[in-house]
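Please look over the structure shown below before reading on.

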Amino acid sequence: MGDNGLTCEVLVIGAGPAGCTAALYAARAGLKTVMSSPTELSGMMTRAAQVQNFQGQTGTVAGREILARIRQQALAAGAEHVLETANGVDFSEPGRLVVYGGHQQHVAAAVIVATGAMGRARKAAGEEDFVGRGVCYCAACDGPFYADEDIIVVGEDEQAAEEALTLAGIAKSVCLVLSPEDLRLDWSLQEALQARDNVTIRSGLRLKEIVGDETVTGAVFSGADNGEHRLEAAGVFLYLRGAAPATEFLEGALATDERGYITTDEMMQTSVPGVFAAGDVRSKPVRQMVVACAEGCTAALAAERLVRRRSGVRLDRGEATA
């Protein structure tokens, strides 16, 4: 995009309610907008089986369905969605903000961080030792490196099962390890997994350690009986969630509160000019889908003001406000 080396004007990291809404408003403003996330939909809302309190809902609907509609609106408005995991940033040059994702980098005039609060406070033993050498977090990014290899997918919900299905089309074999013993997968997803003769599913096992030499050779799990189970594999794909803000990839680049949530002003501006935060990753007292959507909208409008160097925020209707 011109001589400044920008690959997009607005980069949105995250595809939850805040991220999808931010991408929608940025794209509608006519900005080249890219949304980056490991999966098509992300965040707590993907796990909500029944939602009754989102505006416009007259009945009960799954959170994923609502979120999918917002994402589709963003794509229809012109936003691009790239499936990848953000793994680093360089915010040292104002107006040229770099985010590393998968095997590419994005250079944006404005960045909106909307990664939510499902990060893990603790890593598994051996995880950090083998990042890039067998420990992976994104099927779309790293799956092709494991063609004809045995791999393990570890997770707690349907995201892990969906990624296992994707990887089954690449790897020699996939062992899907689900921590909950009683997790019920969507029938169509379960049927698709069962149709793959190279997929096995193990439930009720918790990851203890990732092991290997120069590269990963497998992982050790604990069962309900406290016994150990070792599974051999060339790669371990992790889809484990927690309740911590998902900010590890920022490596301290943004100011946070004492709990690690990103601090912003009322326009979602963070401590770094041009970098905004919205949704559950942001320091605030209320975490609801409607609030996340409102913050995504605000962040996008503020980003548009910055990109176009205007003093006011352009509204969808009425005059710009100072």
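Helices (H or I, at least four residues) and strands (E, at least two) are DSSP runs, numbered from the N terminus. This is a predicted model, in which local features need pLDDT of at least 70 and side-chain atom pairs count only at pLDDT 80 or more, while totals for chains, interfaces and linings use all residues. Residues are numbered from 1 along each chain as its sequence is written, and side-chain values use heavy atoms, with hydrogens and water left out.

**Backbone angles**

- Most residues other than glycine have a negative phi.
- Glu 251, although not a glycine, has a positive phi of about 50°, and this residue lies in the loop between strand E14 (235-239) and strand E15 (275-277).
- Met 268, also not a glycine, has a positive phi of about 75° and is found in the loop between E14 and E15.

**Exposure**

- Buried means under 20% relative accessible area, exposed over 50%, and partly exposed in between (1.4 Å probe, protein chains only).
- Glu 251 counts as exposed, because its relative accessibility is 65%.
- Met 268, with a relative accessible area of 4%, is buried.

**Helices at the second largest pocket**

- Helix H3 (139-142) and helix H4 (158-168) each supply at least two residues of the lining of the second largest pocket, and the largest share, five residues, comes from H4.
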